Every structure is written in structure tokens, then in C-alpha cells.
Amino acid sequence: VQHSALNNTERLLQWRMIQQGNADIVVGTRSAVFAPLQNLGLIIMDEEQEHTYQSESAPRFDAHDVAKKRAVMENALLLFASATPLTETYHAAESGKLQLVQLTHRYGGRPLPSVDFIDMRAELAAGNPREVSVRLARELQENLDNGEQSILLLNRRGYHTYAVCKDCKTVAACPNCSISMTYHAANNRLMCHYCGHSEPAYVRCKACGGELTFSGGGTQKAEDQLREAFPEARILRVDTDTTANKYALEKKLNAFANGEYDIMIGTQMVAKGLDFENVTLVGVLSADQSLYSDDYRSNERTFDLLTQVVGRAGRGRYRGMALIQTHVPENPYLHLAAAQNYEIFFETEIRFRRAMLYPPFADLLQIGFVGEKEDTVRAAAEHFSALLAETFRRDYPNLPLRLLRASAASVSRMGGKYRYKIIMKYKNSKAFRDAIAMLLSVFSSDKRFLSVTAYADPNPDAIL
């Protein structure tokens, strides 16, 4: 078994055991694709749609690509497994590049849960400001009365998501990042979820001395509201704050499986791959959270997450129900997820990708620039962009390329460093890769920008 929770000694012992031929099966996370098996016959990438298969730090590799290359080199079978495959993977299967093998029936022959939408605009208009709607609260109580379990998904940890001054409207922001801090009630601290900065919570604005108001809600706040509404219920919260210790997640999930808790609330770690026979109700507290980001995959990721979490209900002898709370109940992607209709989702998504020239119809390359002085980082990105345009126009006129001008990252400062990016749409080829490698080499030798780090990230999981 290979994963990041192993210490260096455990990792070395596992690696040597594999290398010496004393392991027949290796189970692990992203880096397990490099395991030194001598006679490799099969690689399975389960939940292949997960973004964590792509490394966000050097070396920036995608385990999909490594697995494909290794399968070819070792003449092994490669299996991508998912209820909601990546659009690129399913397109490759439809195009005949991969063989498609479908499971058309749910495990155990159980019917899909019934799914209803709850319009949170109507809840607010009726005077209910809580994270849990009246209908969901009623169904939770019924489940408690019947001795059945429930899972609630809220993909946002912490208690309040931001604090703002009533007078000057200044938001309590991280000193190292251009992002607001999240209030955590468990330790009464404001924390940055990007760089990890933490400081004691304060009630007076640092800019003007005005009173701070706390808004937004995460898993901690929802847990408190549930305890208040259902004092007799045994409630389990599962997020990175409660599972930081080794084996903590495994222990919590085992306790829930053994019936020690009635309601489990958590982030996306409660949405996937879990099989609890007594769970008959799933509630999604904020379904629109990932719908309207600036990532072209936002619809796909929302569809994947909702499809997965809805599937946690009704896996035993009782029929399941899912309730999805949303401010946009008319959104078609939410309804496709509720119906678990991947084929129609794919047809809709692939038309959008083709029209906008996104993968699989083009590749994306992100050149990132990071440094401590914003003016220098911006100048470096703009200089590289001009150099890029001139080089391809002059030396590679036949290579298809669309270049977006240099711009600040959506979170422009992180960990005390400023970030800029250049985005390109291109057709992958050796000539293109050689050109980018040459330009990065030229850039690294430019003395004006020695304080700026530049890196290439092909088909990035997230746009800066």
C-alpha cells in the first residue's frame, strides 16, 4: 500500500518489497503509478475523473499519461474506471481509441434514489436563514425516528466563510494571500485555506475599529445547527479539520458503518466510494457552489460530485432519497446529475467543448509566473507573452496556437508571492514542446527576471 500518510521508513520498506518481487498487487494514490513491479500486467485507475491524479507541484505529471505510457511499455492492460468518466476519456472511447465496457445495472440491483430539489430562494423568503431547509429537516427527523442514517454534503469547511466590517466594509483577509480568511469556531481562530496562516479571531476591524460581522457557512456551522435542531441525534463531522490524524478518517467511517452515528456531515470526502447499507437519505446543502467558477470544467465537476453523492443513498434493503438544496433549481446540469444520466450530460458538455475549443479538441498550456514583487512578475509574464508570439509567428507559422494575454491569477497573491499566468490553446506535438522548452530556457537566463519562477503546466487541473 502506498500513500502520503506513510513515513519515510514505511515508504522505503514498501518500495523494496515491491522491487524484490514480494508484492503481487500495489494499491495506492497518484505516485503508485511508478511502483517498480517487474512483471506488470494490469493498471486500474479507479475514480479516474478525480482531479488529484494530476500533480500541482514539480514534477507536474498527470497519472493518466504516465499510466498510458507505462501500459504501452510493459504491454499491460489499462482500465479507467468511473461512474462519471472524464469528458476526454469518454470521448476517446466513443472515438474508438479506447474500448468502452459499461455496467448498466446498479450494484445489488437496487433502484436509484428518488431526487427532489429545494429552492433556497424560497427558504430565505420564508424567513429560514439556516443551512438546512425545512423539508430536509423534516426528512432527517423521519430518518431518526426510523433508525436509519443520513449523509449531508457541504463542500466548504470552517464555521463562517468570511468576516466583513460593518462600517468600512473591509474583509478580514490573509496577510499572505489575496483571499478572505475563514472563521473556525473549534479553536476561535481565523484561518487561510490557501497558505495555512492562522490567527486568533477578533471582533473589531483592524482598519477602522468597527464591528465585524461574520457571514457564510461551512461544515462547523452546519454541525452546530444540526445539534441544536436534533439534540438526540448522534452527529459526525468529516472534513480535513477532523481527520488530520493518521487513520482518523478510517476510524470515523468505521464508526458510522457500525451504527454509532445517525447523521454524517462533511465535505466531498463523504460523497464518493462509500457503501453504507443503512443510509437512506442524502442531503446536498449547497449544490451551486462549484457551478459558476471560472474553470471550464465547473459543470463537469458539479455533475460528478452530485452524481456520486446521490448514489450513496439506498444501497441496502431500503429505497433511498436525495434532497438537493440550490438557488438555481432550473440548472440543467443539476437535473442531469439527479437523473444520473451521464450520456446526455456528455452530449451537452462535448458540444460546449467543441464550440469553445477546449480539451479534447485542443490542449491547454498554462505558463505560471511566481515572485515576491508584483511589478516584476507582471513584467516577466508580459515579456514572455511577447516573446512567445514573436517566436511562433516567425519560426513556427504552421503550428496552430491561440494565445491569451498575460493576466493575474484569480488568487493573485498566495503565500506572500504574486502570481501571473499565460494560457495557450494548442495542438500537442514535439515541435511545440521543443519550442516551449527553448523559450523557458531563454527566459531563465534573462537577468531582469532572476527573481521570478516560470513553469509550464500542460492541461492543468486548475487555472491559476
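Trainee: Why is Ser55 called buried?

Mentor: Buried means under 20% relative accessible area, exposed over 50%, and partly exposed in between, using a 1.4 Å probe and protein chains only. Ser55 has 5%, so it counts as buried. Keep in mind that this is a predicted model, where local features need pLDDT of at least 70, side-chain atom pairs count only at pLDDT 80 or more, and totals for chains, interfaces and linings use all residues. Residues are numbered from 1 along each chain as its sequence is written, and side-chain values use heavy atoms, leaving out hydrogens and water.

Trainee: What makes the pairing of Ser55 with the backbone oxygen of Ser57 a polar contact?

Mentor: A polar contact is a pair of N or O atoms within 3.5 Å; within protein, one must be able to donate a hydrogen and the other to accept it, and residues adjacent in sequence count only if both atoms are side-chain atoms. Here a polar atom of the Ser55 side chain lies 2.7 Å from that oxygen. The side chain of Ser55 also reaches the backbone oxygen of Pro59, at 3.3 Å.

Trainee: Which residues is Ser55 in contact with, leaving aside its neighbours within four places in sequence?

Mentor: Arg30, Arg60 and Phe61, where contact means heavy atoms within 4.5 Å.

Trainee: What makes a group of residues a nonpolar core?

Mentor: They must be buried Ala, Val, Leu, Ile, Met, Phe, Trp, Tyr and Cys residues, joined through side-chain atoms within 4.5 Å. The largest such core has 36 residues, and Ile151, Met264 and Phe276 touch the most other members. Apart from it lies another core, of 22 residues, including Ile367 and Leu388.
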